[in-house]
Amino acid sequence: MISDMKPEDIVGDYKEVILDLYQSISRKILYTEIETPYPDGKLIVSTTTPDGVITHVNQSFIEMSGFTEEELIGAPHSILRHPDMPPAAFQDLWDTVNKGDKWQGFVKNLRKDGGYYWVKATVIPNVRNGQVAGYTSVRRKPSRTKVDECIKLYPTLF
Amino acid sequence: MSFMFTVSPDFTPDHLSGWYIFNTWLQKQTDLAIHLEMYNDFHSQRDAIQSDKIDLIYANPFDAAMLVREKGFQPLVKALGESDEAIIAVNAENDVEDVVHLPDGLKVAYTEDPDVHMMGMIMLEPGDFDASNITPVLSDTYVLVAKHLLKGEADAGIFLAEAYDDLSKMIKSQLRVLVRSQISVIHHSLMIGPNLLDKKDQIQEVLVSMTNDEKGKGVLTSLGFNDGWEKVENDEMEFMIDLMDTLTM
């Protein structure tokens, strides 16, 4: 399940927006301009069911997202969805992985405290006995040049 | 019938005799005739795998996908508490603090060890470096990677973390670590091929019990795996293969 963000979880001044997620679910997002830098040498790893429900997260995921493992397991991956990310990017992600291909892109992720962090994300379908059993997503530290390009590009994709 | 065992060519040279001792021990424990064949490089080892000559392998994570998905191998064990991590290091006199500030046309010294090279290149990505814009300084060993840095023949070096930590104090005092990976889930594994699969449970059992007797402990020490082996389940291997798959993109 995914719930609205709570003011008591937010650090710093925030803006408020209602974000339409998948299957006509909407969520109240409270977000700030505070960036958490991606730590050197680490990977953020998660796996999901074919429907995008989180089944596994590593320690780096927990630290960077600000959620506990209990809050993350069973939640939709869109719990990280930042309002600055154009829906077209996620449409492309799902179109690509549904074809059985790998997807890669630069993503601005939302933290529980309303802040954000940029990642270079790769998503691949986990094929077991010929069936897609879920997806693995691995995030690594992005190039700042590429992030700066995305900061200019993404607002034009809404 | 004799089975063929091989070890990923990136093993630590100090442990060469350890692998022969391990093979003798394994034959005694299992009553199987196993021949240990050491290949000098990844290329000749992969040729042997492709020709279905190999039945047992201590495999680099980079080769795990091919072994499982194309050749029907399954994981047995990994060294307990061990994982493959990489380091980006520079000459200690270099005052760069972040890979972002490394120079254009970066000269990078590295070995052919595929997973370490991959992790190292990922750690250089934040500085906009990739295979297309670096000058490779290919080195036979990690000691030579260090020497290239000391002589100024390379700006950055990619090391297996364990190999960097094992460098002499004198060499390390002239180098500086810029980034150390903390990935934890990429590791070498002992894997078993289709011809030996009916012995999988038996071999797995003797391996995980190695720390229970003095001889077994001695063999582990000669391999540098003092804590012994732990079982690797097929699901865990599939997870690592998927992870490697995302990283090679």
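Visitor: What makes B:Asn60 a cap of the N-terminal end of H3(B)?
Guide: In this predicted model, a side-chain oxygen of B:Asn60 lies 2.8 Å from the backbone nitrogen of B:Phe62.

Visitor: Which residues of helix H3 of chain B are buried?
Guide: In this helix, which spans residues 61-69, the buried residues are B:Pro61, B:Asp63, B:Ala64, B:Met66, B:Leu67 and B:Val68. They pack against helix H2 (42-50), strand S3 (56-59), helix H4 (114-124), strand S10 (189-192) and helix H10 (234-247) of chain B.

Visitor: Why is B:Ser139 called buried?
Guide: The relative accessible area of B:Ser139 is 4%. The term applies under 20%; B:Ser139 is therefore buried.

Visitor: Where is the place of B:Ser139 in chain B?
Guide: B:Ser139 sits in the loop that joins strand S7 (135-138) to helix H5 (142-150) of chain B. Leaving aside residues up to four places away in sequence, B:Ser139 touches B:Ala109, B:Tyr110, B:Thr111, B:Glu112, B:Leu144, B:Val145 and B:His148.

Visitor: What does the side chain of B:Ser139 reach?
Guide: The side chain of B:Ser139 reaches the backbone oxygen of B:Val137, at 3.1 Å. With a cut-off of 3.5 Å for polar contacts, the distance of 3.1 Å falls within the limit.

Visitor: What makes the pair A:Lys120 and B:Glu125 a salt bridge?
Guide: The closest N and O atoms of A:Lys120 and B:Glu125 are 3.3 Å apart. The definition asks for a Lys or Arg side-chain nitrogen within 4 Å of a carboxyl oxygen of Asp or Glu, so this pair qualifies. Between chain A and chain B the count is five salt bridges.

Visitor: Which elements give two or more residues to the side of chain A that touches chain B?
Guide: They are strand S3 (44-48), strand S5 (103-110), strand S6 (116-128), strand S7 (131-140) and helix H4 (144-153) of chain A. S6(A) gives the most, with six residues. By class, this side of chain A holds seven nonpolar, nine polar and nine charged residues.

Visitor: How many residues does the contact take from chain A and from chain B?
Guide: The contact takes 25 residues from chain A and 20 residues from chain B. The area buried between the two chains is about 2,000 Å², and carbon and sulfur atoms give 57% of it.

Visitor: Where in chain A is confidence lowest, and where highest?
Guide: Confidence is lowest in helix H3 (residues 87-98) of chain A, at a mean of 92, and highest in S5(A), at 98. The mean pLDDT of chain A is 94, with 99% of its residues at 70 or more.

Note on methods:
Residues numbered from 1 in each chain as written. Chains lettered and ligands numbered in written order. Predicted model: local features only at pLDDT ≥ 70, side-chain atom pairs only at ≥ 80, totals over all residues. Heavy atoms only, no water. Contact = heavy atoms within 4.5 Å. Buried area = accessible area lost by both parts, 1.4 Å probe. Helix = DSSP H or I, 4+ residues; strand = E, 2+ residues; numbered from the N terminus. Nonpolar A, V, L, I, M, F, W, Y, C, P; charged D, E, K, R; others polar. Buried < 20%, exposed > 50% of the residue type's maximum accessible area, 1.4 Å probe, protein only. Polar contact = N/O pair within 3.5 Å; in protein donor to acceptor, adjacent residues only side chain to side chain. pLDDT = per-residue confidence, 0-100.
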